[in-house]
Amino acid sequence: MLIRTDKDGFNHPTPSEITPRAIYEQRRELLKLMAGGVAGGALAAWAGREAMAQGRPGKGAPLQAVKSTVPGATTMEKLTDYKDAASYNNFYEFGTEKTDPAQNAHTLKTRPWTVEVDGLVKKPTKFGIEDLLKLSAQEERIYRLRCVEGWSMVIPWVGYSMSKLIERVEPLGNARYVEFITQADRATMPYVGSRVLDWPYVEGLRMDEAMNPLTLLTFGMYGEVLPNQNGAPVRLVVPWKYGFKSGKSIVRIRFTEQEPKTAWVKSAPQEYGFYSNVNPNVDHPRWSQATERRIGEDGLFAKKRKTLMFNGYEPQVGQMYAGMDLKKFF
């Protein structure tokens, strides 16, 4: 993949200048097969994946959790292999390629770590990461993660409902939104300062979205603490929205009356809206959102899946958007 840089060789293009990874990879693999001859065995090897290792898949520190009883919080779908979930990521603080975060995020220092919660609340608080972990019992939830580029995963996350934290700080009556601000440390995040985004990375939810029981304040996955590249030590997971709404490595949570100016809305408002609900009827300007490819089933001839409204969580969240024009508020 060719990325235009400035004279210093550091700054990166806007999102509209980046070829989607799925298209790039399929072209590259197709050329390989054409050059060497398409053989059944070669195709099978190219498309196959190993099953997820049992026990501790990434050998990170264990994070104990109970199975969640929140309606919609689990699925019987096959889990994405840990090695895929931990090596194919969007985390632009560590690079624009999907493999960059796993290669570069070892520089991130996750201890000590503080999350400041402030804004329109009665009890503004600075939480150490250990304090956040003790705030509520950890639950395991198996959520689908759908990304705007057209790929998806099924991951067992560990955390608790964001509402537990919100209740602790007691928002004021005029707090309508929750803003999530990510760490932006040039010393440990080598791509902070690039032109791809306006740093720090900022995301936001409406208050009722943040209070929905499915919205997860997340500390681990696959029974282990989060790997750095997946947003350690604490991130958000909002399963009915595209993955970029789930901010990683959070350092500040702010309650506001006005809609937050989020990173991707500032960077490319014609492509990324504030709500960013998974909606197969609203195409991205450069590709359709009607189908998706599940990581681990991404061979050259693998059949794509139909994208589900609200990523399959419509029974749990659809009522929050009743009467809204979801093509206008995309």
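1. K266 and D198 form a salt bridge, with N and O 3.1 Å apart; the term means a side-chain nitrogen of Lys or Arg within 4 Å of a carboxyl oxygen of Asp or Glu. The pair links distant parts of the chain, 68 residues apart: K266 sits in helix 8 (residues 263–267), and D198 in the loop between strand 6 (177–182) and strand 7 (202–206). Helices (H or I, at least four residues) and strands (E, at least two) are DSSP runs, numbered from the N terminus.

2. This is a predicted model, in which local features need pLDDT of at least 70 and side-chain atom pairs count only at pLDDT 80 or more, while totals for chains, interfaces and linings use all residues. Residues are numbered from 1 along each chain as its sequence is written, and side-chain values use heavy atoms, with hydrogens and water left out.

3. R144 pairs with E77, the closest N and O atoms being 2.6 Å apart. R144 is buried at 11% relative accessibility, whereas E77 is partly exposed at 23%.

4. A further salt bridge joins R206 to D208 at 2.8 Å, N to O. Here R206 counts as buried, with 16% relative accessibility, and D208 as partly exposed, with 31%.

5. Through shared partners, salt bridges join E77, R144, R146, E292, R294, E297 and R305 into one network. The structure holds 18 salt bridges.

6. The largest nonpolar core has 78 residues. Such a core is a set of buried Ala, Val, Leu, Ile, Met, Phe, Trp, Tyr and Cys residues joined through side-chain atoms within 4.5 Å. W157, L165, M221, W240, I253 and F255 have the most contacts inside this core. Strand 5 (residues 151–161) gives the most to the core, with 6 residues.

7. L165 touches V117, F127, L132, L135, L217 and I253, leaving aside residues up to four places away in sequence; contact means heavy atoms within 4.5 Å. L165 and I253 are both among the core residues with the most contacts.

Technical notes. Buried means under 20% relative accessible area, exposed over 50%, partly exposed in between (1.4 Å probe, protein chains only).
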